[in-house]
Amino acid sequence: MANTDTHTLLRSIPAVEELLNAPWAVEFSAGMGREYVKKAIVQALDGIRGEIGGGAHAKTELGALAAGRAAALLRQKSSSTLKRVINATGVVIHTNTGRAPLAREALQAVSDIASTYSTLEYSPEKGGREGRNTHIEWLICHITGAQAAIVVNNNAAAVLLALAATASGREVIVSNGELVEIGDSFRIPEILSFSGATMVAVGCTNSTRIADYRNAITEKTAVLLKVHPSNYRIEGFVASTSREELKELAASHGLAFIEDLGSGLLCPLGVPFAHFEHSVRDCLEAGAGAVTFSGDKLLGGPQIGVIAGSKQLVDAMRSHQLLRALRVDKMTLAAFEATLRMYASGKQGEIPVIRMIEADKDTLQKKAQQLCRTLKERAKTAGADDVTIAVVQTADATGGGAFPTNTFEGAGVSIHSAARSAESIAAAFRTGPVPVIAGVRDGRVVLHVRTLLDGDEKTIACAFAGILGGAG
Ligand SMILES: *Cc1c(COP(=O)(O)O)cnc(C)c1O
């Protein structure tokens, strides 16, 4: 019986041609062409066929279902899927949501350079070629105290290049406590093997001493590598080796001491737990021969990877073939140079990431109160008396591989509905025209204000009104 039903249902699916001639399809075709619309219809019908095979759907609904699916697919494909979201999570730097939002100055620099010809690799003085690194090297050296610096696409590339140029075919000694995995793809052992170096892991998970490094040195050793434990912290009985000790050991054996710092902190942050993070300058002064770090984490610039350090080490990386494959494009360079200039002129407090991290309690509290008032008004207008809205204290975080176990006090607005689960409200916020990503805590939606940018409150209020007016 079920079989006959399935066959009947499959035969009742509207024909592609029929759907193509419907008014909504004709309208889409006018903009995108018939083939484009046909493709969406075929995809929608295939989906429905599969579901019927699985026992779903009734005959009467097939026509509307097919039209609805195809139109929804076309609407989805007619706008960009890479689009703005509102980050109301209180986590300042998150890889999934694009890490650091750029400063206005950086944006201006991109816009000035992107649509024109530029001095990317050209020196007007020489009338000829000049390396693209020259635009930022001087600034990086000025800010970090390094002798030389180069940039590549991201920090993973920086680590890869640094190791390939200094240790390919030789051995790199690294602590077992620092075999880090970042995100879902950056793993120190794999990057090391990719660079052509052989990893020699020493010490224990919680304790590695200078003698462990010393005992592992052979005539094949090229590098002592230190890696920032970006997303975890080992607590309890812990011993790690200082940069000063590593520097001395490296120097006495003619080895390079390289540190993967991860998040590129350029100057101390105004947070209570600031002492947990070392700046690039600190690491270089304490003895690292070269430091690698990201441009779009704590630094607050575009996605880029920096290698800063001694002239000898950086020059070895500069002349390595791999640099050509990892080189940075003009828009990134423009944004990065503008961001670095903000540091050089003492204006780093205006970089969005730094501003959000350093936002004081009073400012956050006021922002939360304002958002709370706005949302309450919207609830009142919508007659939503099942909804309770209040200002709450939040636990915010920097993210971006810095201070992995520290949260700091922030403020936010909680939304609770007697009629609807917090998860379903959060999902409605996420799937609006501008996705709003909020937290859920104790059966309440929580909008953290620390990570809201100018204009976000207004968009949140509109989204909220839509949610209240919708399937409430
Ligand atoms: C984030 C991080 C990386 C990877 O940097 P990307 O800029 O994402 O490529 C590498 N090492 C450490 C220690 C990190 O924190």
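Strands E6 and E10 are paired in the parallel sense, with four bridges between them. This is a predicted model. The chain contains 19 helices and 17 strands, and 47% of its 472 residues count as buried. Taken along the principal axes, the C-alpha atoms fill a box of roughly 80 × 55 × 50 Å.

**Seven-stranded sheet**

- Seven strands make up an open sheet with mixed pairing, in the order E5-E13-E12-E11-E10-E6-E9.
- Its edges are strand E5 (148–152) and strand E9 (198–202), each of which pairs on one side only.
- On average, neighbouring strands of this sheet are turned by 25° against each other, direction ignored.
- Strand E10 (residues 221–227) and strand E11 (residues 256–263) run parallel and are joined by five bridges.

- Five bridges join E6 to E9, and the two strands run parallel.
- Glutamate 171 has threonine 198 opposite it in E9.
- On the E10 side, the bridge partner of glutamate 171 is threonine 221.
- Strand E6 (residues 171–175) is largely enclosed by the rest of the structure, because five of its five residues are buried.
- In a regular strand, side chains alternate between the two faces of the sheet.
- In E6 both faces are covered: Glu171, Ile173 and Ser175 are buried on one side, and Val172 and Val174 are buried on the other.

**Ligand site**

- The residues around the ligand are Arg99, Asn154, Asn155, Ala156, Ile182, Phe186, His228, Ser230, Asp260, Gly262, Ser294 and Lys297.
- By class, this shell divides into three nonpolar, six polar and three charged residues.
- Helix H8 (155–167) and E11 each supply at least two residues of the shell.
- A polar backbone atom of alanine 156 is 2.8 Å from an oxygen atom of the ligand.
- For serine 230, an N or O atom in the side chain is 2.4 Å from an oxygen atom of the ligand.
- For lysine 297, an N or O atom in the side chain is 2.8 Å from an oxygen atom of the ligand.
- On its own the ligand has 380 Å² of accessible area, and the protein covers 94% of this.

- Leucine 266 is placed in the loop between E11 and helix H12 (280–286).
- With a relative accessibility of 8%, leucine 266 falls under the 20% cut-off and therefore counts as buried.
- The C-alpha atoms of leucine 266 and arginine 281 are 7.1 Å apart in space, while the two residues are 15 apart in sequence.

**Six-stranded sheet**

- A further open sheet has six strands in the order E1-E16-E17-E15-E14-E2, again with mixed pairing.
- Strand E1 (86–88) and strand E2 (91–93) stand at the edges with a single partner strand each, so one side of each has no neighbour in the sheet.
- Here neighbouring strands are turned by 35° against each other on average, direction ignored.
- Strand E16 (residues 436–441) pairs with strand E17 (residues 444–448) in the antiparallel sense, over three bridges.
- In that pairing, valine 440 has valine 445 of E17 as its bridge partner.

**Threonine 394**

- Threonine 394 lies in strand E14 (residues 387–399), and E14 stands between E15 and E2 in the order of the six-stranded sheet.
- Its relative accessibility is 5%, so threonine 394 counts as buried.
- The side chain of threonine 394 reaches the backbone nitrogen of alanine 411 at 3.2 Å.

Conventions: Residues numbered from 1 in each chain as written. Predicted model: local features only at pLDDT ≥ 70, side-chain atom pairs only at ≥ 80, totals over all residues. Heavy atoms only, no water. Pairing = 2+ DSSP bridges. Axes fitted to C-alpha atoms, helices over the stretch in contact; angles between N-to-C directions. Near = heavy atom within 4 Å. Polar contact = N/O pair within 3.5 Å; in protein donor to acceptor, adjacent residues only side chain to side chain. Areas by Shrake-Rupley, 256 points an atom, 1.4 Å probe, with all protein chains shown as cover. Nonpolar A, V, L, I, M, F, W, Y, C, P; charged D, E, K, R; others polar. Buried < 20%, exposed > 50% of the residue type's maximum accessible area, 1.4 Å probe, protein only.
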